[in-house]
Structure formats: C-alpha cells, structure tokens
Amino acid sequence: MNLVRWNKANALDPGREFERLQNEINKLFDFTYPDAGGLFDRHFNPAVDITETNDAFKVMLDLPGVSRKDVDVSIAGNVLTVKGEKKEEKKREGAKLYRSESWNGSFQRTLSLPDGVDPDKVSAAMADGVLTITLAKREEVKPKQISVKVQ
C-alpha cells in the first residue's frame, strides 16, 4: 500500500479530477495527421508558403541547415516534388549535449500545381535557408488588360 499525500485543492473541486481524466482519454485517442501532406510525404515536412502573382507562382520552403546540393526539385505532370536531406552536424567534440531540438534526416514534400503552370519555365534558388521555386504561368492563363475605346 502506498501513501498518497492528500491534495486539499482537489478535494474542494471534484470536477477537476474528471477534467484531468477526460484530457488523458482525449490524448489517448488523438490521431492527428498533417492535413496538407502528399501521399509520399515523410513525417517531417518543411513549412511551405505559396504566393501567386500575375506572372508566376512562388513556392517557398523553410530549409534551415540544408545544403543546396542535398535538395532535389522535380515536376511530373502537375505535381511538384521537393526532397532532400539534412545531415547531422558532427561538431560536438568535447561538448556535452545539453538540449537538442533541431532535426535531421530526409524529407519529401509534394504539392499539386494549378493548371496553367509552364513546366519549362521553372527556376529554383536557395538563400538564407529558404528554397524559392518560381513557376511561370503559361501566356494563356495570365490576366490580360484590354482597353476599350469609347466612341
């Protein structure tokens, strides 16, 4: 038999114990999945921002610590795939690891592209840990300004 210290705060509010029990049960059945991932995406997915201008779409992925040579960008049909790997740093000689929250390993992100992307006019650049992919639009989907002359 274990002796348990009596908690006066719980004795005054019996609903608190039921709330704690409910939270434990909710955590047990918490099956959350990434909502925007592709079929072949891995557990870690870099954050993505996508913007649209009149001429192009821009896809920006946060890839801090990932070398340019370890990133592969490809397009097949209307699917953009970015995959790569962040290699573990080995600079810990003589240092004791106190806390580690950084990640390493491989990643893959697939994104469906909207109609109108020209797969022949794609460029990618990486700066300051951000990969920016520019996908030009085809001429037929670009908005056109038509001036109408009033007579």
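I call a residue buried when its relative accessible area is under 20%, exposed when it is over 50%, and partly exposed in between. I also note that this is a predicted model.

**Entry 1: Lys86**

I looked up Lys86 and found it in strand β4. Is Lys86 buried or exposed? Its relative accessible area is 11%, so Lys86 is buried. I then checked what its side chain reaches. The side chain of Lys86 comes to 3.1 Å from the backbone oxygen of Trp103.

**Entry 2: the sheet with β4**

Next I looked at the strands around β4. Three strands form an open sheet in the order β3-β4-β5, and their pairing is antiparallel. Which strands stand at the edges? They are β3, residues 71-76, and β5, residues 105-112. Each has a single partner strand, so one side of each has no neighbour in the sheet. From one strand to the next, the twist averages 15°.

I then followed one pairing. β3 and β4 (residues 79-86) run antiparallel and are joined by six bridges. In this pairing I found Ala76 opposite Val79 of β4.

**Entry 3: salt bridges**

I recall that side chains of opposite charge can pair when their charged atoms come close. How many salt bridges does a search of the whole structure find? It finds four.

I took Lys137 and Glu52 to begin with. Their side chains meet in a salt bridge, at 2.6 Å from N to O. Lys137 belongs to strand β7 (residues 130-137) and Glu52 to strand β1 (residues 48-52), so this pair ties together parts 85 residues apart in sequence. I compared the accessibility of the two partners. Lys137 has 8% relative accessibility and therefore counts as buried. Glu52 has a relative accessible area of 53%, so it is exposed.

Then I turned to Asp70 and Lys87. They form a salt bridge whose closest N and O atoms are 3.5 Å apart. The pair links distant parts of the chain, 17 residues apart: Asp70 is in the loop between β2 (56-62) and β3, and Lys87 is in the loop between β4 and β5. Asp70 counts as buried because its relative accessibility is 18%. Lys87, with a relative accessible area of 47%, is partly exposed. I also found that Asp70 and Lys87 are linked with Lys69 in a network of salt bridges.

Glu101 and Arg99 came next. Their side chains meet in a salt bridge at 2.7 Å, N to O. Both of these residues are exposed.

**Entry 4: Asp128**

I recall that most residues other than glycine have a negative phi. I looked up Asp128 with that in mind. What is the phi of Asp128 near? It is near 55°, a positive value in a residue that is not glycine. Asp128 sits in the loop between β6 (117-127) and β7. Its relative accessibility is 81%, so Asp128 counts as exposed.

**Entry 5: a nonpolar patch**

Which residues make the nonpolar surface patch? They are Phe18, Leu21, Ile25, Leu28 and Phe29, and the patch is about 570 Å². I checked Leu28 separately. Leu28 is found in helix α2, which covers residues 14-28. With 59% relative accessibility, Leu28 counts as exposed.

Definitions and conventions: Residues are numbered from 1 along each chain as its sequence is written. This is a predicted model: local features need pLDDT of at least 70, side-chain atom pairs count only at pLDDT 80 or more; totals for chains, interfaces and linings use all residues. Side-chain values use heavy atoms; hydrogens and water are left out. Patches are made of residues with over 30% relative accessible area and no salt bridge: like charges are joined within 9 Å, nonpolar side chains (Val, Leu, Ile, Met, Phe, Trp, Tyr) within 5 Å. Accessible areas come from the Shrake-Rupley method with a 1.4 Å probe; for residues, only the protein chains shown count as cover. Helices (H or I, at least four residues) and strands (E, at least two) are DSSP runs, numbered from the N terminus. Buried means under 20% relative accessible area, exposed over 50%, partly exposed in between (1.4 Å probe, protein chains only). Two strands pair if DSSP finds at least two bridges between them. Axes are lines fitted to C-alpha atoms, for helices over the stretch in contact, and angles run from 0 to 180 degrees between N-to-C directions. A polar contact is a pair of N or O atoms within 3.5 Å; within protein, one must be able to donate a hydrogen and the other to accept it, and residues adjacent in sequence count only if both atoms are side-chain atoms.
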